[in-house]
Amino acid sequence: MPETRTEERNVSAKAKPAWREMSIDHVASLVRVADRVHPSLPESNQVFAERVNLFPAGCLALVQEGSDDLCGYLISHPIRYRQPPELDSLLGEIADDVDQYYIHDLAILPEWRECGLARDGIERVLGIAKKYQSTCLVSVYKTELFWARYGFQPVEIEEGLEEKVRGYGEGAKFLECEN
């Protein structure tokens with residue numbers, strides 16, 4: 001039997017992972033997932049650790065029961081309107097005058113996709129985002145249709161933001177949804 005079928009059978013026999021609030025102890029495992037899912041969009045451990053420290057409620061770890069190894073993660077936090085951070089940059093702080101929510105990254109290992117896990121994590125952070133008028137993100141890898149399921153649509157943006165979005169790779173798009 002081919003190796004991939006054995007892997008698939010082993011994955012389907014495992015308990016479904018669940019989202020929980022991320023801790024700083026998850027960062028090393030998060031980086032392993034990021035390196036596998038986003039090899040062309042590297043970010044430092046410090047970026048992820050800072051997000052967890054600054055806004056832990058918006059940082060979710062997708063883990064199987066009894067394990068601290070991540071199957072995926074979701075990083076999100078509030079920002080000033082249409083001022084997402086550049087890729088691989090530190091925030092320093094969450095400003096007092098934030099007025100928009102930002103989904104920085106959603107990554108799920110390929111063997112755990114199409115199980116409804118992304119939906120569960122997104123719905124959880126969109127619940128947090130309701131405090132703000134809108135939520136935004138930078139869509140990569142032609143995922144606009146995926147994000148459209150949650151109400152995200154492309155919007156016209158100014159040149160400064162457009163330049164930032166280009167830093168996320170070819171085809172990256174800035175999307176927003178009303179909360």
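This is a predicted model: local features need pLDDT of at least 70, side-chain atom pairs count only at pLDDT 80 or more; totals for chains, interfaces and linings use all residues.

Colleague: Let's start inside. How many residues does the largest nonpolar core have, and which have the most contacts inside it?

Modeller: That core has 45 residues, and Met-22, Tyr-73, Trp-147 and Phe-152 have the most contacts within it. The elements that contribute two or more residues are helix 2, helix 3, strand 2 (59–63), strand 3, strand 4, helix 4 and strand 7.

Colleague: And which helix gives the most to this core?

Modeller: Helix 4 does, with seven residues.

Colleague: Is there another core apart from that one, or what else is there?

Modeller: There's another, separate core of 11 residues, including Ile-79, Cys-136, Leu-161 and Tyr-168. As general background, nonpolar side chains in soluble globular proteins tend to be buried together.

Colleague: Back to Tyr-73. What does Tyr-73 touch?

Modeller: Leaving out residues up to four places away in sequence, Tyr-73 touches Leu-30, Val-33 and Ala-34, among others. Its contacts also include Trp-19, Met-22, Phe-48, Leu-60 and Leu-62, as well as His-38 and Asp-105.

Colleague: Which residues of helix 2 are buried?

Modeller: Helix 2 spans residues 27–37, and its buried residues are Val-27, Ser-29, Leu-30, Val-31, Val-33, Ala-34 and Val-37.

Colleague: What do those buried residues of helix 2 pack against?

Modeller: They pack against helix 3 (45–54), strand 3 (70–79) and strand 4 (100–108).

Colleague: New topic, aromatics. How many aromatic pairs are there in the whole structure?

Modeller: A search of the whole structure turns up seven. One of them is Trp-147 with Phe-152, an edge-to-face pair with 5.5 Å centre to centre and 80 degrees between the planes.

Colleague: Are Trp-147 and Phe-152 buried or exposed?

Modeller: Both Trp-147 and Phe-152 are buried. They also belong to one aromatic cluster together with Phe-146 and Tyr-150.

Colleague: OK, charges next. How many salt bridges does a search of the whole structure find?

Modeller: Eight. Take Glu-111 and Arg-36, whose side chains meet in a salt bridge at 2.8 Å, N to O. That pair links distant parts of the chain: Glu-111 sits in the loop between strand 4 and helix 4 (117–129), Arg-36 sits in helix 2, and they are 75 residues apart.

Colleague: How exposed is Glu-111? And Arg-36?

Modeller: Glu-111 is partly exposed at 31% relative accessibility, and Arg-36 is partly exposed too, at 47%.

Colleague: What does Arg-82 form a salt bridge with?

Modeller: Arg-82 pairs with Glu-176, and the closest N and O atoms are 2.8 Å apart. Arg-82 lies in the loop between strand 3 and strand 4 and Glu-176 in strand 7 (residues 173–178), so the pair ties together parts 94 residues apart in sequence.

Colleague: Is Glu-176 buried or exposed, then?

Modeller: Glu-176 is buried, with a relative accessible area of 8%. Arg-82 counts as partly exposed because its relative accessibility is 24%, and the buried cut-off is under 20%.

Colleague: Last one: where is Glu-170?

Modeller: Glu-170 is in the loop between helix 6 (159–166) and strand 7. With 86% relative accessibility, Glu-170 counts as exposed.

Methods. Residues are numbered from 1 along each chain as its sequence is written. Side-chain values use heavy atoms; hydrogens and water are left out. Buried means under 20% relative accessible area, exposed over 50%, partly exposed in between (1.4 Å probe, protein chains only). Helices (H or I, at least four residues) and strands (E, at least two) are DSSP runs, numbered from the N terminus. Contact means heavy atoms within 4.5 Å. A salt bridge is a side-chain nitrogen of Lys or Arg within 4 Å of a carboxyl oxygen of Asp or Glu. A nonpolar core is a set of buried Ala, Val, Leu, Ile, Met, Phe, Trp, Tyr and Cys residues joined through side-chain atoms within 4.5 Å. Rings of Phe, Tyr and Trp (its six-membered ring) pair if their centres lie within 6.5 Å; planes under 30 degrees apart count as stacked, over 60 as edge-to-face and the rest as tilted.
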